[in-house]
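Hello,

Here is the structure I promised to pass on. Please open it first, then read my notes below.

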Amino acid sequence: MEKKVFIKTLGCQMNEYDSNRIYDSIKKIGFEKAKKHDDASCYILNTCHIRDKSKEKVYHEVGRVKKLYRKKKKPIMIVAGCVAQAENSEMLKREPYIDVVIGPQSYHKINQILKSFTEKEKKEETDFDTIKKFEYFDKIKNTNNKVSSFLTIQEGCDKFCHFCVVPFTRGPEYSRPFDKIINEAEELIKNGTKEITLIGQNVNAYSYEKNSKVYKISNLISELEKFSELERIRYTTSHPRDMTDDLIECYSINKKLMPFIHLPIQSGSNKILKLMNRKHTVEEYLNIYDRLKKINPKVEFSSDFIISYPGEKEEDFNDTINLIKKIKFINSYSFIFSPRPGTKAAELQLIDDEISRERLIKIQKILFSHQLEMNKSFENKSIDVLVENKMHGQNKLFGRNMYSNSVIFAANDENIGKVIKVKIESCNQNSLFGKIANSNMKAA
Ligand code: SAM
Ligand code: SF4
Ligand code: F3S
C-alpha cells in the first residue's frame, strides 16, 4: 500500500503545531504528504471543540471525505484534536466511517496505531499523557521550514473559565523543559525560520523549574533573542492574570519581541467577568494596557470577546463597547456565547438569538472600523515586512508587519525570509497593499 497522508487542520495554532508534529512522526514509518485531499491512504482530521459549530463541522467534514473516496479505497480515517478528546468513543458509534479517535495528549502513540492498524479494529486513545507526548516529540526532528513557525511551550489550562472546554480537552497545565524548547527553536532556525511564535493555551503561565531556578516566558524570550538569524519573536495566547512584571519589562528590553499582544478580555463588564470566572477585572486589564503603553508606546492590543454570555444585560454590553472604544484593539475575535457540554455555563439561561446577533453586529462594526483605521494609518508609509511566501497563483509576495497585518506586494522571490521595507499604497480591513520601497531590493 502506498503510504500517503492528508492532514486537515481545524481550530487554533496549537492544532497547527500538532499537525506538523504528527507528520514528523508518521514520516518515520514511511508516510508522505498526499498532494491532493482525495489521494491519501490515511486521512487525519485535527479538530476543534471551542464552539458547537466547530464540533458539528467535524461530522460534516467526515461526510465530505466519505463522498470524496466513494469510488476509491477508503483511507484510514483518524479524528484527532479536541473533539476527539471530548467525544472519544461516542464518535466511533455516531460515525462508523471513523477508524481511530486520538486526543491531543496521545500523539506519541500514533505510529504504533498505524503500524498495527486493521480494518476490523477501531481504536480510541484519549489519556492525558502530556509528558510522554513531549518526551517523544523531543526525540524526533521538527522539520517545519516555514519563515514563521509556531513552537508549543505550554499546554492545557487550570483556570476553568465557566464557558470553556479547553481544560477538559487539553488537560491540566504543563510547561515543557526550557532546554528542549530552545533546542527545538534552534532546529527551526536551522530550517530557515525567521519568526517564532511561542504558543500555549495560557502561554504566559509558562513556568519550568530546574536546579531551583524558575524559568518563565520572559527567560525564553531573552534566550531566543540571542539567535542572530532569528528576526522576530511573538507569543499567544496570554491570560491577563499572568502578565507579570518581568514579561511587561520585555517590551522595553527585547528588541525582537513584536509590540503586539493578543490578550483576551472576553467582556468589559466586571459583573460578567465574575460570572465567567475569569479572575481578573476590567481595571486590572486597563492597568496592564497602561503599563505596556508607557514602557513601549508602539504596543498595540488585540482581544477575544464573548457576546451574550448568560446574564449579560444591555448595560454590561455597553461596558464592553466602552472598553473597545477606549483601547481601540487593532484586531479581535468576537463570537456569541456557545454552551459547551461539561462546562459550568452549559446549563445557564441563554440570551435571545436576535438580541445576540444584533449585539455581535454592533460590536464587530466598531472593531472592524478600528482595524481599518489602523490599516489606513500605514498608507504612504514605508514599513518593515517579514516576507513569508509567494501568494498562491499570483506573482505577488506575502508578509507581515510588526502587528501581524498581512502585507501583499510585488517583489522578487529572493526577498522571501527577509525583513524588507514596503511602501503601503492602499489597504482594506484585512490587508495592506504596496510595493517594495528599498532601492537595493529587487522588484518583481
Ligand atoms: N486561554 C485564552 C484566554 O484565557 O483568553 C483563550 C483560549 S480559547 C481557546 C480562545 C477563545 O475562544 C476565548 O478567548 C473565547 O473568547 C472563545 N471561547 C471559548 N469558549 C467559548 C464559548 N463557549 N463560546 C464562545 N466563545 C468561546
Ligand atoms: Fe479557556 Fe483560556 Fe479560560 Fe483556560 S483561561 S479556561 S483556555 S478561556
Ligand atoms: Fe479549539 Fe482545542 Fe484550540 S478546542 S481552540 S483546537 S485548544
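A definition to start: Ala, Val, Leu, Ile, Met, Phe, Trp, Tyr, Cys and Pro count as nonpolar, Asp, Glu, Lys and Arg as charged, and the others, Gly among them, as polar. Keep in mind that this is a predicted model.

Now the ligands. By class, 4 nonpolar, 4 polar and 1 charged residues form the shell around ligand 3. The residues surrounding ligand 3 are Cys12, Asn15, Thr47, Cys48, His49, Ile50, Cys82, Arg170 and Gln201.

Ligand 2 has a shell of 7 nonpolar, 2 polar and 2 charged residues. Among the residues around ligand 2 are Cys157, Cys161 and Cys164. Lys159, His239 and Arg278 also belong to the surroundings of ligand 2.

Next, the core. In soluble globular proteins, nonpolar side chains tend to be buried together. Here the largest nonpolar core has 66 residues. Which of them touch the most other members? They are Leu198, Tyr235 and Phe301. Leaving out residues up to four places away in sequence, Tyr235 touches Leu198, Ile217, Met243 and Tyr251, among others.

Last, look at His262. This residue lies in strand β14, residues 260-262. Is His262 buried or exposed? His262 is buried, because its relative accessible area is 11% and buried means under 20%. One is a polar contact with the side chain of Ser302, at 2.7 Å. Another is a polar contact between the side chains of His262 and Asp304, at 3.0 Å. Beyond four places in sequence, the contacts of His262 also include Thr236, Ser238 and Tyr333.

Best wishes

Terms used: Residues are numbered from 1 along each chain as its sequence is written. Chains are lettered from A and ligands numbered from 1 in the order in which they are written. This is a predicted model: local features need pLDDT of at least 70, side-chain atom pairs count only at pLDDT 80 or more; totals for chains, interfaces and linings use all residues. Side-chain values use heavy atoms; hydrogens and water are left out. A residue is near a molecule or strand if one of its heavy atoms lies within 4 Å of it. A nonpolar core is a set of buried Ala, Val, Leu, Ile, Met, Phe, Trp, Tyr and Cys residues joined through side-chain atoms within 4.5 Å. Buried means under 20% relative accessible area, exposed over 50%, partly exposed in between (1.4 Å probe, protein chains only). Contact means heavy atoms within 4.5 Å. Helices (H or I, at least four residues) and strands (E, at least two) are DSSP runs, numbered from the N terminus. A polar contact is a pair of N or O atoms within 3.5 Å; within protein, one must be able to donate a hydrogen and the other to accept it, and residues adjacent in sequence count only if both atoms are side-chain atoms.
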